[in-house]
Amino acid sequence: MSGAFALPYLVKHSTDMGGYVPVAPGATSILERQPCGNGQSKEMSLDSTPTLVVFGEYDRGKNSALLCLLPRSQGVEIPRRNHPAYLISPGLWHKLLYNFLCYANQLAAETQ
C-alpha cells in the first residue's frame, strides 16, 4: 500500500525527487486519474523522475505494469519469486538498487 502515500507525493513533487523505487507496488489508482501526453497536468511532470519498479515473477500485476509505463521507468521482474521478492533475493536486490542509483545520479549530473 506504499503507493497510496508515495505516489501522491511523486505526482506533486516529481521535479524535487532524484528517483522513485516502488517495490512490489500497490495503490497506483492515482496514476490512472492523471491526464497523459500533451494533456499532462503541470503538477505531474513524471517524465523527469527515474523510476525502478521491482516485482517478483509471481507477484506481477496491474500496479507494476502501470508504473513500468512511466517515461523514465525501468521494470525488473525477479524470476521465480513472490511478494516481496527483494527479501528472498537480497543480493540481486542490492545490485539492482546500486545500479539504479548510479543511473539516477548520472541523470542528475547531466541536468545540472
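Modeller: What follows walks through the core, then turns to a loop residue and the cysteines. The model is predicted.

The largest nonpolar core has 11 residues. They are Leu7, Leu10, Val11, Met17, Tyr20, Ile30, Leu31, Val53, Phe55, Leu67 and Leu70. Helix 1 (3-13), helix 2 (29-32) and strand 1 (51-56) are the elements that give two or more residues to this core. Helix 1 gives the most, with 3 residues. In soluble globular proteins, nonpolar side chains tend to be buried together.

Take Leu67, one of the core residues. Leaving aside neighbours within four places in sequence, Leu67 is in contact with Leu7, Tyr20, Leu31 and Val53, among others.

A second, separate core has 8 residues. Among them are Val54, Val76, Ala85 and Phe100.

Now the loop residue. Ser89 lies in the loop between helix 4 (85-88) and helix 5 (90-111). Ser89 is buried, because its relative accessible area is 13%, under the 20% cut-off. Not counting residues up to four places away in sequence, Ser89 touches Ile78 and Arg81.

Last, the cysteines. Cys68 has 28% relative accessibility, so Cys68 counts as partly exposed. Cys102 is also partly exposed, with a relative accessible area of 39%. A search of the whole structure finds 0 disulfides.

Conventions. Residues are numbered from 1 along each chain as its sequence is written. This is a predicted model: local features need pLDDT of at least 70, side-chain atom pairs count only at pLDDT 80 or more; totals for chains, interfaces and linings use all residues. Side-chain values use heavy atoms; hydrogens and water are left out. A disulfide is a pair of cysteine sulfur atoms within 2.5 Å. Buried means under 20% relative accessible area, exposed over 50%, partly exposed in between (1.4 Å probe, protein chains only). A nonpolar core is a set of buried Ala, Val, Leu, Ile, Met, Phe, Trp, Tyr and Cys residues joined through side-chain atoms within 4.5 Å. Helices (H or I, at least four residues) and strands (E, at least two) are DSSP runs, numbered from the N terminus. Contact means heavy atoms within 4.5 Å.
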